Amino acid sequence: MVRDTLDTLRQRTVWRGLSDVPADWPSCAVTIGVFDGVHRGHAWLIENTLRAAAESDLPAVLVTFDPHPARVLGLPRDTSALSSIERRAGIARELGVDRVCVLPFTLELARMSPAEFIENVLVNALHARSVVVGANFTFGHRGAGDVDTLRSLGTRHGFTTRGVHLMPVNGADCSSTHIRGCLQRGDLLAATRALGRPHEVEGVLTGGHEVALPEGTALPCAGRYAGLAAGRTVELVVTGSPRHDSDALRLRCLDGPGAPGETVRVQFLEKIGT
């Protein structure tokens, strides 16, 4: 039974918390962040992580958080999700990451000092030999830790640190915040450039060709859009704001495919009207 459990953990590609990490997990290269949307800037960060992993023949692990830290901390920020955790992990795997570790972001995790986070997550659980983060990365209680903290404590714990500068897109840093702003303005072209693909959402078809979306899903501003759903061209009508309650989180697919109750992934291609 114990052997079966260990074999299952070794084969699992998404770990839901540190307790899922196998006890015999080897050293690895780690990248850390929210990674919402896994946009082009994230892909660049992952590419640097894969390079660091290859240099020492190590597996690559992506550490992400759920829910969004700002939501748990009550910070006045738009945290509408550009991707689900499942989709986030799937794209990371497509880019070459070996394992994805989803850390439940709790107040207890938020209160960890930078040293405690490093010891509990990077050293004791993941056995990190190389850590790759964005140049503006902060962590630990009140964001007290940064890239310099990682470098300093990494020397003590036996891992190296690389801070990767953000990728500029459309004259701004390629960030999830930038992409949410593009969506709120209905600028799908700019959002697509930053993401490296069209923005997409996933939900359940309901009666009347509507898609019920998870609360907090990022949508473009209200209006009509051309899109794709299940390989078919569809007209999409956004009727509410993703920052309101769940009743506003509905996307109407005119002539959309599928029957009520089916899960559908929808891509936004261009705005065609208000």
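Which residues form a nonpolar patch on the surface, and with about how much accessible area together? I looked this up before anything else.

**Ground rules.** I am working with a predicted model, where local features need pLDDT of at least 70, side-chain atom pairs count only at pLDDT 80 or more, and totals for chains, interfaces and linings use all residues. Residues are numbered from 1 along each chain as its sequence is written, and side-chain values use heavy atoms, with hydrogens and water left out.

**Entry: the patch.** I found L73, L75 and L107 in the patch, with about 250 Å² together. Accessible areas come from the Shrake-Rupley method with a 1.4 Å probe, and for residues only the protein chains shown count as cover. A patch takes residues with over 30% relative accessible area and no salt bridge; nonpolar side chains (Val, Leu, Ile, Met, Phe, Trp, Tyr) are joined within 5 Å, like charges within 9 Å. A salt bridge is a side-chain nitrogen of Lys or Arg within 4 Å of a carboxyl oxygen of Asp or Glu. I then checked L73. L73 sits in helix α3. Its relative accessibility is 43%, so L73 counts as partly exposed. Buried means under 20% relative accessible area, exposed over 50%, and partly exposed in between (1.4 Å probe, protein chains only).

**Entry: the whole protein.** I read off nine helices and 14 strands. Both are DSSP runs numbered from the N terminus: helices are H or I with at least four residues, strands are E with at least two. The protein has 274 residues, and 48% of them count as buried. It exposes about 13000 Å², and carbon and sulfur atoms supply 50% of that. Next I looked at contacts (heavy atoms within 4.5 Å). Among contacts with a separation of 6 or more, 71% join residues 24 or more positions apart.

Entry: I found a cis peptide bond from D66 to P67, with omega near 0 degrees. P67 lies in the loop between β3 (60-66) and α3 (69-73). V38 is not a glycine, yet its phi is positive, near 40 degrees. V38 belongs to the loop between β2 (28-32) and α2 (40-55). D57 also is no glycine and has a positive phi, about 55 degrees. The loop between α2 and β3 holds D57.

Is V38 buried or exposed? V38 is buried, at a relative accessible area of 2%. D57 is exposed, at 72%.

**Entry: helix α9.** I listed the buried residues of α9 (188-195): L188, A190, A191, A194 and L195. Down the axis they fall within an arc of 160 degrees, so they line one face of the helix. The arc is that of the directions from the helix axis to the C-beta atoms. These buried residues pack against α2, β7 (168-169), α8 (176-184), β11 (223-229) and β14 (263-273). G196 follows α9 and has a positive phi, near 85 degrees.

**Entry: strand β4.** How many residues of β4 (99-104) are buried? Five of its six are, and the strand is mostly covered. I checked its partners. Two strands pair if DSSP finds at least two bridges between them. β1 (14-16) and β4 pair in the parallel sense over three bridges. There V14 has V100 as its bridge partner. β3 and β4 also run parallel, joined by six bridges. V63 stands opposite C101 in β4. I noted one rule: in a regular strand the side chains alternate between the two faces of the sheet.
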